[in-house]
Amino acid sequence: MIDLLCNQPHLRLSDEFLKMVLWTMKECGTPNVPTFARLKASQAAFLEASNIKTEAHLSTFGNRFFQNNPATLFAMVS
């Protein structure tokens, strides 16, 4: 659930805010709350294992944007 919260496209959470969320969960007695370092390590491991490649693009107006390769995403579903 925390990983989902961290990866919302239009909601960029700072590391300090995320640390506060983890601390609050621990204070509320939530079992198995990961440390911040463990959460980041798990996210990096998942990204590497999923083989999702984010590609940089340049629009005709000169705007730079990033997009995940759709073929890779569809391959994960099947």
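This is a predicted model: local features need pLDDT of at least 70, side-chain atom pairs count only at pLDDT 80 or more; totals for chains, interfaces and linings use all residues.

Colleague: What pattern does the chain follow when it is read along the sequence?

Modeller: The chain has 4 helices and 2 strands. Read along the sequence, these elements give the pattern α-α-α-β-β-α.

Colleague: Is the chain a compact globule or more spread out, and what is its radius of gyration?

Modeller: Along its principal axes, the C-alpha trace spans about 50 × 30 × 15 Å. For 78 residues the globule rule gives 12 Å, and the value for this chain is well over that, so the chain is more spread out than a compact globule. Its radius of gyration is 16 Å.

Colleague: What share of the residues of the chain count as buried?

Modeller: The accessible surface of the chain comes to about 6,400 Å². Carbon and sulfur atoms account for 62% of that surface. Of the 78 residues, the share that count as buried is 14%.

Colleague: Among contacts between residues at least 6 apart in sequence, what share join residues at least 24 apart?

Modeller: A contact here means heavy atoms within 4.5 Å. Among the contacts in the chain between residues at least 6 apart in sequence, the share that join residues at least 24 apart is 17%.

Colleague: Which helix gives the most to the lining of the largest pocket?

Modeller: The largest pocket has a volume of about 380 Å³. Of its 12 lining residues, the closest to the centre are Asp3, Cys6, Asn7, Arg12 and Gln43. Two or more lining residues come from each of helix H1 (2–6), helix H2 (15–27) and helix H3 (36–50). With 4 residues, the element that gives the most is H3.

Colleague: How many residues in the lining of the largest pocket are nonpolar, by class?

Modeller: The lining also holds 2 polar and 4 charged residues. The number of nonpolar residues in it is 6.

Colleague: Is Gln43 buried or exposed?

Modeller: Gln43 lies in helix H3. Leaving aside its neighbours within four places in sequence, Gln43 is in contact with Asp3, Cys6 and Asn7. Its relative accessible area is 17%, and the class that applies under 20% is buried. Gln43 is therefore buried.

Colleague: Ser42 is also of interest to me; how far is Ser42 from Thr72 in space, C-alpha to C-alpha?

Modeller: Ser42 is found in helix H3, and with a relative accessible area of 33% it is partly exposed. Ser42 and Thr72 are 30 residues apart in sequence. In space, their C-alpha atoms are 20 Å apart.

Colleague: Which residues does Thr35 touch, not counting residues up to four places away in sequence?

Modeller: Thr35 has its place in the loop between H2 and H3, and at 42% relative accessibility it counts as partly exposed. The C-alpha atoms of Thr35 and Asp15, 20 residues apart along the chain, are separated by 12 Å. Not counting residues up to four places away in sequence, Thr35 touches Leu22 and Lys26.

Colleague: What is the value of phi for Asn32?

Modeller: Asn32 lies in the loop between H2 and H3, where it counts as exposed at 76% relative accessibility. Most residues other than glycine have a negative phi. Asn32, a residue other than glycine, has a positive value, with phi near 60 degrees.

Key:
Residues are numbered from 1 along each chain as its sequence is written. Side-chain values use heavy atoms; hydrogens and water are left out. On a 1 Å grid over the protein atoms alone, a cavity is a set of points where a 1.4 Å probe fits but cannot get out, and a pocket is an open set with protein on both sides within 12 Å along at least five of seven lines; lining residues have an atom within 4 Å of a point. Grid points are joined across faces, edges and corners, and a volume is the space filled by probe spheres set on the points. Ala, Val, Leu, Ile, Met, Phe, Trp, Tyr, Cys and Pro count as nonpolar, Asp, Glu, Lys and Arg as charged, and the others, Gly among them, as polar. The radius of gyration is taken over C-alpha atoms; the globule rule is 2.2 Å times the number of residues to the power 0.38. Buried means under 20% relative accessible area, exposed over 50%, partly exposed in between (1.4 Å probe, protein chains only). Accessible areas come from the Shrake-Rupley method with a 1.4 Å probe; for residues, only the protein chains shown count as cover.
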